[in-house]
Amino acid sequence: MRKRLYIVRHCEAQGQLPESHLTEKGLMQAKYLSRFFSNTKIDRIISSPFSRAIQSVEPISEKTNIKIEIDKRLSERTLSTKDLPDWLEKLKATFNDMELKFQGGESSKEAMNRIVRVVDEVFISESENTIIVTHGNLMSLLLMNYDNSFDFDCWKNLSNPDVFVLCYTNNEVNMERLWQEELIEK
């Protein structure tokens with residue numbers, strides 16, 4: 001059986017806190033995202049518990065009448081609980097050293113394993129077409145799991161929102177990027 005898993009990075013948000021909502025532009029992007037999926041059969045929607053992730057797929061949920069399932073494992077990775085003025089440099093280092101971990105944070109390997117478990121569960125479920133909405137860093141680590149050339153620069157080139165599809169057939173996973181923000185701004 002062929003399965004499709006749509007990995008969605010949330011729309012533009014007002015901030016990084018779990019309770020940060022979408023901006024006005026982000027709310028419009030969520031509507032575009034709903035239109036983008038309007039001709040796609042969706043069986044299931046799973047979201048990070050962060051407000052910006054949930055808001056990104058609410059229009060799809062309303063249109064399809066599919067309840068959004070919340071999974072804490074899709075929450076954005078915590079790089080550190082300590083303020084890191086050079087966080088971008090530190091994040092880049094974690095793409096090169098998957099075991100590197102900062103105070104109170106999660107290593108790339110730990111975060112990758114967390115989201116891969118969600119994906120593995122989806123692949124063995126009855127659902128054929130599932131949307132998962134998450135965050136840029138966690139999404140990047142998932143994509144890196146299936147394509148080790150997906151690196152820090154690829155993370156930097158993600159848009160809000162962004163959509164990739166993982167096609168699972170005969171125990172093989174193929175990945176394709178379906179969306180880039182600049183496509184809808186034209």
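A residue counts as buried under 20% relative accessible area, as exposed over 50%, and as partly exposed in between. Keep those cut-offs in mind. The model shown above is predicted.

Glu12 sits in the loop between E1 and helix H1 (24-36), while Lys25 belongs to helix H1, so the pair ties together parts that lie 13 residues apart in sequence.

Now go to the strands. Start with E1, which spans residues 3-9. Six of its seven residues are buried. E1 has a partner in strand E5 (residues 162-169), and the two run antiparallel over seven bridges. Within that pairing, Arg4 stands opposite Cys167 of E5. E1 also pairs with strand E4 (residues 129-134), this time in the parallel sense, over six bridges. Here Ile7 has Ile132 of E4 as its bridge partner. Val8 has Val133 of E4.

Which way do its residues point? Asn129, Ile131 and Val133 point one way from E4, and Thr130, Ile132 and Thr134 point the other way.

Arg44 has another partner. Its side chain meets that of Glu69 in a salt bridge, 2.9 Å from N to O. Arg44 lies in strand E2 (residues 44-47) and Glu69 in strand E3 (residues 68-70), so this pair ties together parts that are 25 residues apart in sequence. Glu69 has a relative accessible area of 31%, which means that it is partly exposed.

How many salt bridges does the structure hold? There are nine. One of them links the side chains of Glu110 and Lys101, at 2.9 Å from N to O. Glu110, at 34% relative accessibility, is partly exposed. Lys101 is partly exposed as well, with a relative accessible area of 44%. Elsewhere, salt bridges that share partners join Asp71, Arg73 and Glu121 into one network.

Next comes a charged residue without such a partner. Lys3 is in strand E1. Lys3 is buried, yet it has no salt bridge. How far away is the nearest side chain of opposite charge? That side chain belongs to Glu126, and it is 6.4 Å away. The side chain of Lys3 does reach the backbone oxygen of Phe123, at 3.1 Å. Leaving out residues up to four places away in sequence, Lys3 touches a set of residues that includes Val122, Ser125, Glu128, Leu166 and Tyr168.

The largest nonpolar core has 32 residues. Those with the most contacts inside it are Leu5, Ile7, Val119, Ile132, Leu142 and Leu166. Several elements give two or more residues to this core: E1, helix H3 (87-96), helix H4 (108-124), H5, helix H6 (152-156) and E5. H4 gives the most, with eight residues. Beyond its neighbours within four places in sequence, Ile7 is in contact with Ile132, Thr134, Met139, Leu142, Asp162, Val163, Phe164 and Leu166. Another core lies apart from the largest one. This other core has 20 residues, among them Cys11, Ile42, Ala53 and Val165.

Helix H5 (residues 136-146) is mostly covered, with nine of its eleven residues buried. Among the buried ones are Gly136, Asn137, Met139, Ser140 and Leu142.

End in a loop. Ser159 lies between H6 and E5. Is Ser159 buried or exposed? Its relative accessibility is 10%, so Ser159 counts as buried. A polar atom of its side chain lies 2.6 Å from the backbone oxygen of Pro161.

Methods:
Residues are numbered from 1 along each chain as its sequence is written. This is a predicted model: local features need pLDDT of at least 70, side-chain atom pairs count only at pLDDT 80 or more; totals for chains, interfaces and linings use all residues. Side-chain values use heavy atoms; hydrogens and water are left out. Buried means under 20% relative accessible area, exposed over 50%, partly exposed in between (1.4 Å probe, protein chains only). Helices (H or I, at least four residues) and strands (E, at least two) are DSSP runs, numbered from the N terminus. Two strands pair if DSSP finds at least two bridges between them. Lys and Arg count as positive and Asp and Glu as negative; His and the chain ends are not counted. A salt bridge is a side-chain nitrogen of Lys or Arg within 4 Å of a carboxyl oxygen of Asp or Glu. A polar contact is a pair of N or O atoms within 3.5 Å; within protein, one must be able to donate a hydrogen and the other to accept it, and residues adjacent in sequence count only if both atoms are side-chain atoms. Contact means heavy atoms within 4.5 Å. A nonpolar core is a set of buried Ala, Val, Leu, Ile, Met, Phe, Trp, Tyr and Cys residues joined through side-chain atoms within 4.5 Å.
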